[in-house]
Amino acid sequence: MSDPLDTVFAALADPTRRAILTMLLEDDMAVTDVAEPFSISLAAISKHLMILTRAGLIAQEKRGRVKWCKLQPDAMRGASIWMQGFGQFEPIHLEAFERFLAAELPDSPDK
């Protein structure tokens, strides 16, 4: 994928990677700490971390013997700007719509 936006969205498409990003919102974490809550191998976590790194969503650095992960929130800026373009559409509030219909429509015969 050559388009950075495609790469970011592809990385965000996986729930494990989104969970990792949520964890990194709190603070930098060692790879082993990132892997702890998941029931998948450390190798699988490493693959997820590489995808996040290639997308620019995290940075990894070695501190002594430990590899650390750090969130790179600026990488999401392009995706956020793209999604904000759809913010012009108001979400439909079903309860408000039902109240409107109840007020505007005559009583049905089965009431």
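The exercises below work through the sheet and the helix packing of this structure.

The model is predicted, so local features need pLDDT of at least 70 and side-chain atom pairs count only at pLDDT 80 or more, while totals for chains, interfaces and linings use all residues. Residues are numbered from 1 along each chain as its sequence is written, and side-chain values use heavy atoms, with hydrogens and water left out.

**Exercise 1.** Work out the strand order of the open sheet and which strands are its edge strands.

Solution. Begin with the terms: strands (E, at least two residues) and helices (H or I, at least four) are DSSP runs numbered from the N terminus, and two strands pair if DSSP finds at least two bridges between them. The open sheet has three strands in the order 1-3-2, with antiparallel pairing. Strand 1 (29-30) and strand 2 (58-63) each pair on one side only and are the edge strands. Next, follow the pairing of strand 2 with strand 3 (residues 66-71): the two run antiparallel and are joined by six bridges, and Ile-58 has Leu-71 in strand 3 as its bridge partner.

**Exercise 2.** Find which residues of helix 1 (residues 4-12) are buried, and on which side of the helix they lie.

Solution. Taking buried as under 20% relative accessible area with a 1.4 Å probe and protein chains only, Thr-7, Val-8, Ala-11 and Leu-12 qualify. They cover an arc of only 130° around the axis, judged by the directions from the helix axis to the C-beta atoms, which puts them on the same side of helix 1. As a general point, an α-helix has 3.6 residues a turn, so residues three or four places apart point the same way. The buried residues pack against helix 2, helix 4 and helix 5 (77-84), where contact means heavy atoms within 4.5 Å.

**Exercise 3.** Describe how helix 2 and helix 4 pack, giving the angle, the axis distance and the residues of the contact.

Solution. With axes fitted to C-alpha atoms over the stretch in contact, and angles running from 0 to 180 degrees between N-to-C directions, helix 2 and helix 4 pack at about 75° with their axes 10 Å apart. The two helices are therefore roughly perpendicular to each other, a term that covers 65 to 115 degrees. Thr-16, Arg-17, Ile-20 and Leu-21 of helix 2 meet Ile-45, His-48, Leu-49, Ile-51 and Leu-52 of helix 4. Finally, sort these residues by class, counting Ala, Val, Leu, Ile, Met, Phe, Trp, Tyr, Cys and Pro as nonpolar, Asp, Glu, Lys and Arg as charged, and the others, Gly among them, as polar: six are nonpolar, two polar and one charged.

Conventions: Buried means under 20% relative accessible area, exposed over 50%, partly exposed in between (1.4 Å probe, protein chains only). Angles under 35 degrees count as roughly parallel, over 145 as roughly antiparallel, 65 to 115 as roughly perpendicular and the rest as oblique.
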